[in-house]
Amino acid sequence: MRECQVVSPASHYLAGDLGERAFAEHVVDDTVARHGRVDILVNNAGISKHKQIYHMSADEAEQVMRVNFLSCVWTTLAAIPIMLRQGSGSIVNISSFAAKVAPPRETIYAASKAAMNAFSEGMWNDLAGANIHVAIVNPGPIDTEIWLKEDEPVAFHGRKYPPELITQAIFEVIEKRRHELTVPRRNPPLLLARFMRLFVPSVLRAALARFDPVPREVLEKARARAREGKRLGDLRDD
Ligand SMILES: NC(=O)c1ccc[n+]([C@@H]2O[C@H](COP(=O)([O-])OP(=O)(O)OC[C@H]3O[C@@H](n4cnc5c(N)ncnc54)[C@H](OP(=O)(O)O)[C@@H]3O)[C@@H](O)[C@H]2O)c1
């Protein structure tokens, strides 16, 4: 924050849980109260939930959707009237390449990001003529702390790109009024995965199953829990 205040003394922050609608709306309202306007809204908050679906509780799934998707809906719905009053605004949604190709153990994360992308695309239609620009940034693997917070081991050991690529992409979509950027751009593995998803999905499914196979004991334990009448994510006695 101090670094921001050097170049922009009026910078401020709010600490709270964006998975709660009241706080998400408050972020927008507080910004208007302090600064009089909201020119740019970047929906960046996100949590990963890297785990087999057999280990996923309904509460965890709901939490991911609240933080990754609904927070973006709540801040956006609060910001649109402000931007309409101003006559302009930009909304940038930080999604994920997982919205395009769901990796193993990313079921609910990928769903939350795909929902964010569909929500953004819908606004391209509904906000036409309002001078409110909506952009999607789909990061690939970026070297941030999110990789240290994973619930289960990650099969991906490829290159992770610097976070600066994402800040540059955010500036680019705003300044050039671009609608969607996937970063890193023209990256062969991401392009190949996207191509396979679109044109040879069965080959992609086979490749992902080999890349991070479901361990046999995970499936066996899930079956045993199912026989006991337990819900998914109920890992007692494991
Ligand atoms: N890194 C990647 O490889 C990658 C790839 C694709 C997409 N993304 C997306 O990029 C965005 C930024 O992630 P990152 O890589 O920078 O991960 P990160 O280092 O874990 O940062 C996540 C950010 O979200 C905030 N956040 C999480 N839950 C929140 C909540 N309930 N309320 C308010 N803030 C919350 C965190 O705040 P606190 O630190 O205060 O918890 C943190 O600032 C996310 O949307 C992520 O899904 C990242």
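Predicted model: local features only at pLDDT ≥ 70, side-chain atom pairs only at ≥ 80, totals over all residues.

**Reading helix packing and cores**

Reply: Helix α2 passes α3 in a right-handed crossing. The residues in contact are Arg21, Ala24, Glu25, Val28 and Val32 of α2, together with Ser71, Trp74, Thr75, Ala78, Ala79 and Ile82 of α3. Sorted by class, this contact comprises seven nonpolar, two polar and two charged residues.

Me: How are α2 and α3 oriented to each other?

Reply: Angles under 35 degrees count as roughly parallel. The axes of α2 (residues 21–35) and α3 (residues 58–86) cross at roughly 30° and come within 8 Å; the two helices are therefore roughly parallel to each other.

Me: At roughly what angle do the axes of α6 and α7 cross?

Reply: The axes of α6 (residues 188–199) and α7 (residues 201–211) cross at roughly 125° and come within 6 Å. These two helices are therefore oblique to each other. Here Ala193, Met196, Arg197 and Phe199 of α6 meet Pro201, Val203, Leu204 and Ala207 of α7.

Me: Which residues have the most contacts inside the largest nonpolar core?

Reply: They are Met83, Ile91 and Ile132, in a core of 20 residues. Two or more residues each come from α2, α3, α4 (107–126) and β3 (132–139), and α3 gives the most, with eight. Leaving aside residues up to four places away in sequence, Met83 touches Val38, Asp39, Ile40, Leu41, Ser88, Gly89, Ser90, Ile91 and Ile132. Another core, of 13 residues, lies apart from the largest one and includes Ala169, Val173, Leu181 and Val183.

Key. Residues numbered from 1 in each chain as written. Heavy atoms only, no water. Axes fitted to C-alpha atoms, helices over the stretch in contact; angles between N-to-C directions. Helix = DSSP H or I, 4+ residues; strand = E, 2+ residues; numbered from the N terminus. Parallel < 35°, antiparallel > 145°, perpendicular 65-115°, else oblique. Left-handed = near helix turned anticlockwise from the far one by under 90°. Contact = heavy atoms within 4.5 Å. Nonpolar A, V, L, I, M, F, W, Y, C, P; charged D, E, K, R; others polar. Core = buried A, V, L, I, M, F, W, Y, C linked by side-chain atoms within 4.5 Å. Buried < 20%, exposed > 50% of the residue type's maximum accessible area, 1.4 Å probe, protein only.
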